[in-house]
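Reader: Could you take me on a close look at one part of this model, the transmembrane spans and the pocket beside them in the text? I would be glad of the cut-offs as we go, and a word on the aromatic rings and the cavity too.

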Amino acid sequence: EPQPCWSDDSHGLEYLNVVGCHLSSQTSRLEFTYTMALPYAKDTQLSIPFDRGTELCKSMIISKNGILERTEASANRSQSTRERTLPGQPRVNLSDQDQVAKYLKDDLLTPKLDRLSPHMWLLSARNSKTIDTLTQQIVKGRNIIVTEDPELHLVWFYDRIYIKPLPKYLLSHAFWEFYFSGNDSPLSQPSRKRIGKAAQGFIRSYAQLICRKSDFLIAKSTDDARGRLIPKGVTYTEFVRFVSAFEDLLDNEVSPRYAFGQLRLTRLNFWSKIFLRRLAFERVYTQYGAYFARFYGPFAFVFAVFSVALSAMQVVFAAQPSESLDQSWQSFGHASRGFSIFSLVSVALVAVFMLVALAVLALREVVFAARTEWRKYRARLHRRKNLKGNP
């Protein structure tokens with residue numbers, strides 16, 4: 001089996017180590033006879049799914065010098081004609097490539113869900129089509145909550161679903177060409193591949209969220225609880241032309257998270273304890289009372305069952321004359337006694353669990369506060385040393 005043995009990134013090549021072999025007639029063993037290296041083209045560029053004619057953001061161009069710039073019209077609308085910022089993100093300066101790379105990673109990558117993806121079949125079916133449209137979300141009684149965290153995109157929790165708005169810069173063909181496909185991209189090869197696949201999967205999810213014009217009108221709504229999911233100035237026809245290019249992408253062309261559709265937050269919080277070693281994937285309870293209140297229902301149901309069973313056993317023994325108790329009744333008595341002891345132990349374990357959970361929550365907050373204070377203290381010491389060194 002040919003295997004890559006080294007790479008030549010400057011020419012976009014990898015070399016396969018091809019080994020010739022034959023079966024020896026004397027020893028009946030496989031013997032290697034020669035080794036040579038054959039170059040083959042490496043997949044260094046990400047194919048842009050949509051055409052320049054269908055882009056929805058025309059405020060970016062690649063200059064003759066190979067630099068990504070804002071168009072003159074968009075620059076005139078900004079506060080400064082020399083300002084080069086990411087469309088829709090005036091705090092991200094295109095001149096600072098390190099800042100742009102960090103922002104793209106924070107805005108698009110889902111490292112926790114990608115780590116969880118090999119086990120995500122326990123949470124949801126491996127089907128990227130299992131995404132309800134925006135109208136179906138409302139029919140099911142879910143409020144659409146806008147989030148900027150890509151990890152929470154398409155994660156639902158009882159009566160709410162979190163959806164990340166479509167960034168304006170992802171609608172620009174020049175942006176995709178410069179950062180994901182161009183030779184002058186400041187992103188490293190692994191970064192552009194990971195970010196590009198995450199961007200493709202993210203936009204592909206919108207092809208399932210918005211299937212009809214009613215879905216599009218919901219996405220364009222400016223309701224306070226919902227916000228705006230699609231940038232201004234985009235029509236339904238333009239959106240369909242743009243997003244249709246992402247509909248047929250395969251799962252191996254997107255990041256591992258987007259091989260799945262909607263995810264249930266309660267299941268994420270449960271399996272994160274096992275596979276991510278985190279107490280919760282996302283905290284939804286900010287008060288101790290709300291956190292412990294979710295246990296009251298299940299515990300009350302179990303204790304009610306125990307209470308009915310113990311009361312029934314007591315009534316049976318009270319109604320049965322003691323002189324008529326044979327061997328079978330004695331066995332029943334031993335079982336009842338064991339069940340009573342089991343009930344007492346269960347109550348004690350529940351009480352211990354509640355106390356331990358409260359202690360863990362309190363300790364976690366104390367540790368977080370201590371770490372924060374320690375970082376601030378070290379930062380103050382560092383500033384003092386700098387001031388002494390540079391009077």
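Author: Happy to. Helices here are DSSP runs of H or I with at least four residues, strands are runs of E with at least two, and both are numbered from the N terminus. With that in hand, residues 339–363 are 100% helix and 0% strand, and their end C-alpha atoms lie 36 Å apart. Residues 295–319 are likewise 100% helix and 0% strand, with 36 Å between the end C-alpha atoms. Both spans come from UniProt, where an unreviewed entry lists them as "transmembrane region"; its positions follow the numbering used here, feature names are shortened, and annotations may be inferred rather than shown by experiment.

A note on the ground rules: this is a predicted model, in which local features need pLDDT of at least 70, side-chain atom pairs count only at pLDDT 80 or more, and totals for chains, interfaces and linings use all residues. Residues are numbered from 1 along each chain as its sequence is written, and side-chain values use heavy atoms, with hydrogens and water left out.

Now to the pocket. On a 1 Å grid over the protein atoms alone, a pocket is an open set of points with protein on both sides within 12 Å along at least five of seven lines, a cavity is a set where a 1.4 Å probe fits but cannot get out, and lining residues have an atom within 4 Å of a point. Points are joined across faces, edges and corners, and a volume is the space filled by probe spheres set on them. The largest pocket has a volume of about 580 Å³. The elements giving two or more residues to its lining are α9 (265–275), α10 (288–319) and α11 (327–389). Helix α11 supplies the largest share, seven residues. In total 26 residues line this pocket, and Lys273, Leu279, Tyr291, Arg294 and Phe295 lie nearest its centre. The lining divides into 16 nonpolar, four polar and six charged residues, where Ala, Val, Leu, Ile, Met, Phe, Trp, Tyr, Cys and Pro count as nonpolar, Asp, Glu, Lys and Arg as charged, and the others, Gly among them, as polar.

Next, the rings. Rings of Phe, Tyr and Trp (its six-membered ring) pair if their centres lie within 6.5 Å; planes under 30 degrees apart are stacked, over 60 edge-to-face, and the rest tilted. The whole structure holds 24 aromatic pairs. In one of them, the rings of Phe339 and Phe342 have centres 6.4 Å apart and planes at 35°, so this pair is tilted. Both residues lie in helix α11, three residues apart, about one turn of the helix. For accessibility, buried means under 20% relative accessible area, exposed over 50%, and partly exposed in between (1.4 Å probe, protein chains only). Phe339, at 23%, counts as partly exposed, and so does Phe342 at 46%.

Finally, the cavity. There is one cavity of 30 Å³ or more, and the largest cavity holds about 60 Å³ of space. Among the residues lining this cavity are Ser128, Leu154, Arg204 and Tyr258. Its lining divides into four nonpolar, four polar and three charged residues. Leu154 is found in the loop between β8 (143–146) and β9 (155–157). That residue is buried, at 0% relative accessible area, and has a positive phi of about 70° although it is not a glycine.
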